[in-house]
Amino acid sequence: MKAISCDSSSIIALGTNCLTWLFERFDTEFWIPNYVKKEIVDNPLHSYKFGFEAMRNGTLLGRGLKLKETDPQLRNRIIGLANSLFHHKSRPIEIIQYGEADALALSVKEGVPLLVDEKNTRLLVENREQLRKLSEHRTGKTIEMNEDVSRELGKLMKGVKVIRSSELVTVAVKRGFFEWGYPKRQLLQSMLNALKLSGCAINSEEIKELVESVE
Amino acid sequence: MEDIIELVRARKVRKLKDLSDELLLRGFVDQEKKKVRLSVIVRALSKIVEKNYYLKDRKYWENFLSRLEDALKAGDLERAEKIVIELDRHFGRYKEDIIKYAKIRRGSTLYAWGVSLTKVSEMLGVPEYELMHHIGKTKMVDEEGTGKPALERLKDAEEIL
């Protein structure tokens, strides 16, 4: 059985658009570590605004989503490395916390891909120099990267493939999971726009490419 | 801290916004949570002085400024937040308080600077849901490059799923 480790950001984006039923349609297990469960179920459960979404997410446990043990030592190592990656005037800048690190640790431990919609964790895996440049460009301050830490992170996360909710729904549309009576491209375009508005880090050019990939 | 009250008294919206930006930046690079928290309060104050309806009861307004000044001088940011929320409850027009609104706006900026969503959520005490909903409405992602070509990522997704 194939599996993927999920971060809370993708579950939030899909849940906001009532698309979490897709988890049950693929022949892939969608795993979440404990801290992700906290982010999508436990923490918002008593919130005025998001209590209902938390309950809906709770019903997915054991069905679309499977709670999976992660390795706390590995998670803490990832946090330690990521939070000493960038510096300003020799002072480390903390950029990551338990939620994303737990999903990442599960992915590394089990050798499975990562489903994440938030851009910083994705760039931490795929392109740390780009993340540094972005931070420097937006803050206007010099941000240095510890190359040894970057190499160590790269070694640790080697081979981790990252996808977003946008790719997940594209595959779902291609496989005909939506029989809604609308042209596939139009449907996908609307779905990707909705996911983007819900926080999925995908730009307009990428949306265009994904839509055009559908026949 | 005295500068903040002076700027509020003079209703200097732009200067308050600039000060909030500066505090946030210093909080980010110096890793000082207190500066980030103060940045949120100043941002909320900039929104307050923009609207006449917050200032319509002069007696209440003067009392608000005096209490806020005391809290800020004492470095008690929690009390300062409560005082701002109280004013907002009396005169504000939205269900959600103005401090929460400012936290979401400032959190969105921290995310743009490279801080992960759950880290921002923890730093500011604002749900990840709120942050994502706000971030999705910004142009942030369109202004940035991508880590990997979209079609290559799609190919990965087809293999994974």
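Glu167(A), Leu168(A), Thr170(A) and Val171(A), which lie in helix 9 of chain A, meet Arg153(B), Leu154(B), Ala157(B) and Glu158(B) in helix 9 of chain B, where contact means that the C-beta atoms, placed from the backbone, lie within 7 Å. Of the residues in this contact, four are nonpolar, one is polar and three are charged; Ala, Val, Leu, Ile, Met, Phe, Trp, Tyr, Cys and Pro count as nonpolar, Asp, Glu, Lys and Arg as charged, and the others, Gly among them, as polar.

Please keep in mind that this is a predicted model, in which local features need pLDDT of at least 70 and side-chain atom pairs count only at pLDDT 80 or more, while totals for chains, interfaces and linings use all residues. Residues are numbered from 1 along each chain as its sequence is written, and chains are lettered from A and ligands numbered from 1 in the order in which they are written.

Turning to the whole interface, 58 residues of chain A are in contact with 39 residues of chain B. Helix 9 of chain A is among the elements that each supply at least two residues to that side of chain A, and so are strand 1 and helix 1, helices being DSSP runs of H or I with at least four residues and strands runs of E with at least two, numbered from the N terminus.

Strand 1 (residues 2-6) of chain A also pairs with strand 2 (residues 28-32) of chain A in the parallel sense, over four bridges, pairing requiring at least two bridges found by DSSP. Within this pair, Ala3(A) has Glu29(A) as its bridge partner. On strand 6 (residues 114-115) of chain A, strand 1 of chain A has a further parallel partner, over two bridges, with Ser5(A) opposite Leu114(A).

Technical notes: Two residues are in contact if their C-beta atoms, placed from the backbone, lie within 7 Å.
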